[in-house]
Amino acid sequence: MQYELTAISGPTKGASWLVGADGLIVGRTSDCDVAVLDPAVSRHHCRLYCDEKGLWLEDLGSRNPVLVNGEPASKCQVKVGDELAVGRFQFLIAGSAEPVGEISPHDSDTNSALSEGEAFILATDRQELWKRQKPRTLRDLATLYDVACELSCAEGMCDLLDRACRRLRERFDPLGLWIVRSDDQNEFVVLAEEVRKEQNTPPPLDVFRRVIEENSGLALPQRRQVGDKSTPVLTYAAPLAFGQVSIGGVVVQVESPGSLFDEADLRFLVLLAQSLAPLIEAMETVEQLHRDNERLRAQAAEGYELIGDSRDMGHVRRQVTLAAKSSLNVLITGETGTGKELAARLVHLQSDRRAGPFVVVNCAAIPRNLFENELFGHEQGAFTGAQRTSPGLVDQANYGTLFLDEVGDLSLENQARILRLVENGTYRRVGGQQELHVDIRVIAATNKPIQKAISQGQFREDFYQRLSGFELCMPPLRERRSDVELLARHFFSMGLSRAKRPLRGIAPEAIEYLRNRRWPGNVRELRNTVFRAIARAADEELKVEDFAADAEQSLVETQDETPTLAEVERRHIEAVLRRCHGHVGKTAQVLGIARSTLYEKMNEYGITR
């Protein structure tokens with residue numbers, strides 16, 4: 001039997017060369033029997049020769065080996081029907097029992113005509129499927145490499161599907177293409193769909209069911225009805241195989257007047273689908289993790305709650321919501337224990353930055369000379385012992401919120417150091433020359449009277465202006481005594497795990513006692529008081545005596561205090577205002593002063609109704 005080498009691609013497509021007694025040399029130079037003008041091909045690339053056993057391929061030391069049916073080969077026996085790839089050109093081994101003339105590309109083993117109702121299945125066995133799917137040419141290999149690189153750069157599910165559809169359009173110019181995902185109930189979800197306007201064809205779900213069940217590539221001739229006209233089309237389908245399971249499929253429909261199909265196109269589609277399947281699975285997993293993360297963050301945010309139904313707390317909640325919606329820096333003022341950090345966390349959790357970090361900087365706890373290093377970090381060699389670059393708290397807060405707690409305790413020098421950070425997010429590490437930038441929002445809190453500190457030269461006014469884009473004031477507990485019961489019961493629920501025995505609640509007389517306390521430590525003091533009472537409780541209910549130690553301590557504190565005249569006047573006005581249920585006219589009448597005078601006093605002492 002004689003053998004011939006037939007070109008099925010390139011400028012010599014259709015030409016054939018007989019493998020004679022001296023063999024057949026393929027290479028880049030003109031003295032070769034088959035000249036292949038491709039830089040990837042060596043001068044003398046490979047040789048075909050015959051012996052009594054059949055036809056053999058021998059590599060002649062080429063840089064890029066010949067691919068025989070998609071696999072590199074140095075010396076091997078080849079047979080009729082094998083496909084060779086030399087550089088980017090493809091050849092077919094044919095027998096020459098009959099004279100061979102020029103052949104059509106559809107005469108090769110990769111092209112066939114299907115009759116209507118007949119289907120070509122690429123493979124059924126999993127190992128054979130993978131073997132048959134291997135790309136047989138460097139061109140297909142390069143194309144699939146490019147596709148894999150492009151798909152791996154996708155930034156989300158939509159981007160991934162757009163990239164895949166673009167590649168399918170380039171290869172097939174389809175009448176329609178669909179990427180479908182099957183769910184746990186074997187229902188189909190169309191992830192991507194592109195159909196020519198004049199076609200208006202629904203997804204071929206029957207094809208998807210078949211390709212998923214058989215887990216194999218499929219070429220199927222069909223007819224498409226467009227108005228009164230029926231036209232033949234060819235449907236290529238491939239499973240989205242993830243592991244041993246098909247999670248969906250890819251289908252393209254192309255024009256095919258003679259029901260001709262190209263096995264190379266089907267192989268390409270199957271390989272693309274195999275590259276796409278794990279990426280779809282990974283994208284779905286990542287997006288689900290993002291959704292779960294958002295849900296968990298939302299649940300965590302439920303643990304941060306401003307307790308109280310007083311008018312003051314209603315005002316604070318509204319201010320927190322407004323501050324969260326803005327992008328301004330926030331300054332929160334109020335006495336110790338009023339919940340300034342809680343308000344700061346709520347602003348963060350309700351803002352667009354809730355997915356980012358919330359980094360707390362305790363300005364009062366960091367030594368003055370270490371503050372800059374703690375906040376900004378340092379470069380390698382910035383000082384003795386700085387053996388490597390170390391980021392600071394600012395880097396940790398990038399894309400989130402930086403909370404400067406007790407900012408009123410910052411020295412003037414450190415206030416100056418962070419002016420630019422608060423203004424536009426720029427800073428330099430200790431020992432660094434490069435100006436760095438972070439995307440942060442600054443929330444600051446202090447229990448000090450800032451205006452007084454500014455007038456005394458202890459707080460920079462320009463620093464205050466940068467911090468106070470939005471200002472919140474947390475009211476002390478003594479100004480919202482109606483919230484004491486709600487807070488006490490809330491802390492009781494939180495502290496039940498500390499109880500030595502089952503507890504039912506707080507006795508009414510104990511609630512009344514708590515409501516009448518001064519609470520100089522505000523909400524934090526109330527919380528600790530309730531926790532201590534739970535720890536020492538001797539009955540099923542918390543009684544007044546369970547708070548006795550705290551009451552004695554509070555009495556001592558009250559007796560030891562020597563309030564100023566202004567403090568006495570403020571307390572008296574607050575007490576009368578409460579007895580008059582916030583009515584300014586009645587309060588002024590009881591106090592024996594004019595209404596305008598009372599308004600002035602209230603403004604001076606910061607008293608609200």
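Me: What makes a residue count here, and how are residues numbered?
Reply: Residues are numbered from 1 along each chain as its sequence is written, and, the model being predicted, local features need pLDDT of at least 70, side-chain atom pairs count only at pLDDT 80 or more, and totals for chains, interfaces and linings use all residues. Side-chain values use heavy atoms, with hydrogens and water left out.

Me: How many helices and strands does the protein chain have, and what makes a stretch a helix or a strand?
Reply: Helices are DSSP runs of H or I with at least four residues, strands are runs of E with at least two, and both are numbered from the N terminus; the protein chain has 20 helices and 30 strands.

Me: Why are α6 and α7 called oblique to each other?
Reply: Axes are lines fitted to C-alpha atoms, for helices over the stretch in contact, and angles run from 0 to 180 degrees between N-to-C directions. Angles under 35 degrees count as roughly parallel, over 145 as roughly antiparallel, 65 to 115 as roughly perpendicular and the rest as oblique. Helix α6 (residues 311-325) and helix α7 (residues 340-349) pack at about 45°, with their axes 8 Å apart, and the two helices are therefore oblique.

Me: What is the handedness of the crossing of α18 and α20, and what makes a crossing left-handed or right-handed?
Reply: A crossing is left-handed if the near helix is turned anticlockwise from the far one by less than a right angle, and right-handed if clockwise. The axes of α18 (residues 565-579) and α20 (residues 595-605) come within 11 Å and cross at roughly 115°, and α18 passes α20 in a left-handed crossing, whereas the crossing of α6 and α7 is right-handed. The contact of α18 with α20 involves A566, E569, R570, I573 and L577 on one side and L598, K601, M602 and Y605 on the other, and its residues divide into six nonpolar, no polar and three charged.

Me: Why is Y399 called exposed?
Reply: Buried means under 20% relative accessible area, exposed over 50%, and partly exposed in between (1.4 Å probe, protein chains only). Y399 has 57% relative accessibility and therefore counts as exposed; this residue is in the loop between α9 (393-396) and β24, and its phi is near 65°, a positive value in a residue other than glycine.

Me: Why is N522 called buried?
Reply: N522 counts as buried because its relative accessibility is 0%. N522 belongs to helix α16 (residues 522-536) and has a positive phi of about 60° although it is not a glycine.

Me: Why is R595 called partly exposed?
Reply: R595, found in helix α20, has a relative accessible area of 46% and is therefore partly exposed. Not counting residues up to four places away in sequence, R595 touches V584, G585 and A588, and the C-alpha atoms of R595 and G585, 10 residues apart along the chain, are separated by 6.2 Å.

Me: How do you know that β10 and β11 pair, and in which sense?
Reply: Two strands pair if DSSP finds at least two bridges between them, and β10 (residues 83-86) pairs with β11 (residues 89-95) in the antiparallel sense over four bridges. Strand β7 (residues 66-68) also pairs with β10 in the antiparallel sense, over two bridges. A85 stands opposite Q90 in β11, while L67 stands opposite A85.

Me: What makes β21 and β28 the edge strands of their sheet?
Reply: The open sheet of five strands has the order β21-β24-β27-β20-β28, with parallel pairing, and β21 (358-362) and β28 (470-474) are its edge strands, each pairing on one side only. The twist averages 20° from one strand to the next.

Conventions: Contact means heavy atoms within 4.5 Å. Ala, Val, Leu, Ile, Met, Phe, Trp, Tyr, Cys and Pro count as nonpolar, Asp, Glu, Lys and Arg as charged, and the others, Gly among them, as polar.
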